Structure formats: C-alpha cells, structure tokens
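Biologist: Please take a close look at one part of this model, the pocket and the surface around it. I would like the cut-offs stated along the way.

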Amino acid sequence: MVQRLVETIGEVEGVMPAQPIDVIYLSYGGSAREIRIRWWIQDVDNQFAVRTKVHVALEQVLDELGVETPNPAYDLKIKKDE
C-alpha cells in the first residue's frame, strides 16, 4: 500500500517526482492508523492547488484499495428523571 501511495503522489502535476516522497506511520489507534505523507512541489505559489490534487488522488487510490475512513462511535445514555 505504501508504494502505491508514493506512486500516486509522484504522478500528480506539480509534485517533484525526483525528490523523495515519505510515508510515515505516526500512530495506531482503536479505529485508525495515522500517517503523514511528505512530498516536494515545484512552485510554492501553487502549494494549495497541488495539495488539493494530491488529496483527491489519495482519496481515489484509498477507495481503490478498499481503505475506509473510520467513523468514531459514541455511546449515548439518557437518564430519565423520576
């Protein structure tokens, strides 16, 4: 999966494919795996546009890989006044 993420980001217009793309696992939780992905861009003036393109590409590849975004679950207890 990590290699697929790296390949996907490297194909995004504005990302510098010759520079390293890092995928770093930060933590494992009960319902999530938190990762940080770092990449280099060619033009700082386009950073927000490139980031948006990367996020869209990541969403697509994660969907293709069957990775679901976890939703937190909460227990709600209602006390009845007597």
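Modeller: The largest pocket

The largest pocket has a volume of about 550 Å³. On a 1 Å grid over the protein atoms alone, a pocket is an open set of points where a 1.4 Å probe fits, with protein on both sides within 12 Å along at least five of seven lines, and lining residues have an atom within 4 Å of a point. A volume is the space filled by probe spheres set on the points, which are joined across faces, edges and corners.

This is a predicted model: local features need pLDDT of at least 70 and side-chain atom pairs pLDDT 80 or more, while totals for chains, interfaces and linings use all residues. Residues are numbered from 1 along each chain as its sequence is written, and side-chain values use heavy atoms, without hydrogens and water.

The lining of the largest pocket consists of 19 residues, and R33, I35, L62, V67 and T69 lie nearest its centre. Two or more lining residues come from each of β2 (33-38) and α2 (47-64); helices (H or I, at least four residues) and strands (E, at least two) are DSSP runs, numbered from the N terminus. With five residues, α2 gives the most to this lining.

I35 also belongs to a nonpolar surface patch of about 540 Å², made with M1, V2, Y25, Y28 and L65. Areas come from the Shrake-Rupley method with a 1.4 Å probe, and for residues only the protein chains shown count as cover.

Conventions: Patches are made of residues with over 30% relative accessible area and no salt bridge: like charges are joined within 9 Å, nonpolar side chains (Val, Leu, Ile, Met, Phe, Trp, Tyr) within 5 Å. A salt bridge is a side-chain nitrogen of Lys or Arg within 4 Å of a carboxyl oxygen of Asp or Glu.
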